[in-house]
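Please read it alongside the sequence and the coordinates shown here.

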Amino acid sequence: MRQGETRKRTRRADVREAILASARVVFAERGYDGASLDRVAQQAGFTKGAVYSNFSTKDELFQALIEAEIADRVTSVTAELAKGDDDPSIHKDDFPRMVGDRLSAAVRADPHWQLLFLEFWIRTVRQPDNGSGFIEFRRRLRRRVEDAVSEFWPEELRAGVSVSDLALAALALSNGLAIEHMVDPDAVSDGLLGRLLANIVRQPA
């Protein structure tokens, strides 16, 4: 590959990342219905053409934003577990708590994100023909979580619960508690998600 081609591809990737960062601000401020690709372009300091060359529709941009955010969170949790795996002072029984604490911290740090996620979830349910890409992404996400469960939680510590069920339960509990936290933050105590996940794998099947 020629050097000029490398720079061009790098710049395109940088532009895409800048658009996603600006879209995050615009969607958080205005919600899905109130946002527009034109407003995202203005926020990013790009022409409308630069945005449309990366994302042809608002749905496409919104889905890319949701997928990038979720992927970042899974990567963050996996990295946290990997650090714990290398630390002899941390027992594998602590991993469910570590997962819960990391996910809960992300929700508390950015409550707008969960609202955006709910908007997209509702759109997927109401317009299933437009949500096939998101559904497939959720399946890929569950597989990534399943891989993490398989790697960091030995079978003898899963209390007979399957890897797929643990992954689904972790995602469902995380989303449900995040919704409750948006409405009534005081109702969701610190560390609740981690304690629930730990109890799942400690109880007999």
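## Burial and the overall fold

A residue is called buried when its relative accessible area is under 20%, exposed when that area is over 50%, and partly exposed in between. Phe 134, whose place is in helix α7, has a relative accessible area of 2% and is therefore buried. The model discussed throughout is a predicted one, and of the 205 residues of its chain, 38% count as buried.

The secondary structure comes to nine helices and zero strands, so that, read along the sequence, the pattern is α-α-α-α-α-α-α-α-α. Returning to Phe 134, its C-alpha atom is separated by 8.9 Å from that of Ile 66, although the two residues are 68 residues apart along the chain.

In soluble globular proteins, nonpolar side chains tend to be buried together. In this model the largest nonpolar core has 47 residues, and those with the most contacts inside it are Phe 27, Leu 61, Phe 62, Ile 66 and Ile 70. Two or more residues of this core come from each of α1 (3–34), α2 (37–44), α4, α5, α6, α7, α8 and α9, with α4 giving the most, namely nine residues. The core also draws at least three residues from each of the two assigned domains, domain 1 (7–56) and domain 2 (57–201).

## The annotated segment and helix α2

An unreviewed UniProt entry places the feature "DNA-binding region" at residues 36–55. In the model, this span is 75% helix and 0% strand, and its end C-alpha atoms lie 12 Å apart.

Helix α2 has as its buried residues Leu 37, Arg 39, Val 40 and Ala 41. Just after α2, Gly 45 takes a positive phi of about 80 degrees.

## Enclosed cavities

How many cavities of 30 Å³ or more does the model contain? The count comes to two. The largest cavity has a volume of about 370 Å³ and is lined by 24 residues, of which Val 74, Leu 103, Val 145, Leu 171 and Ser 174 lie nearest its centre. Its lining takes at least two residues from each of α4 (58–86), α5 (95–109), α6 (111–126), α7 (132–152) and α8 (163–183), and by class it has 18 nonpolar, four polar and two charged residues.

The second largest cavity has a volume of about 100 Å³. Of the 13 residues that line this second cavity, Ser 104, Arg 108, Leu 177, Ala 178 and Val 188 are the closest to its centre. Each of α5, α8 and α9 (192–202) supplies at least two residues of its lining, which by class has seven nonpolar, five polar and one charged residues.

In space Arg 12 and Ser 53 are 9.8 Å apart, C-alpha to C-alpha, while in sequence they are 41 residues apart.

Asp 165 and Glu 146 are 19 residues apart in sequence, and the distance between them in space, C-alpha to C-alpha, is 8.7 Å.

Technical notes:
Residues numbered from 1 in each chain as written. Predicted model: local features only at pLDDT ≥ 70, side-chain atom pairs only at ≥ 80, totals over all residues. Heavy atoms only, no water. 1 Å grid on protein atoms, 1.4 Å probe; cavity = no way out; pocket = protein on both sides within 12 Å on 5 of 7 lines; lining within 4 Å. Points joined across faces, edges and corners; volume = space filled by probe spheres on them. Helix = DSSP H or I, 4+ residues; strand = E, 2+ residues; numbered from the N terminus. Nonpolar A, V, L, I, M, F, W, Y, C, P; charged D, E, K, R; others polar. UniProt positions renumbered as here; feature names shortened; annotations may be inferred. Core = buried A, V, L, I, M, F, W, Y, C linked by side-chain atoms within 4.5 Å. Buried < 20%, exposed > 50% of the residue type's maximum accessible area, 1.4 Å probe, protein only. Domains from an automatic or database assignment.
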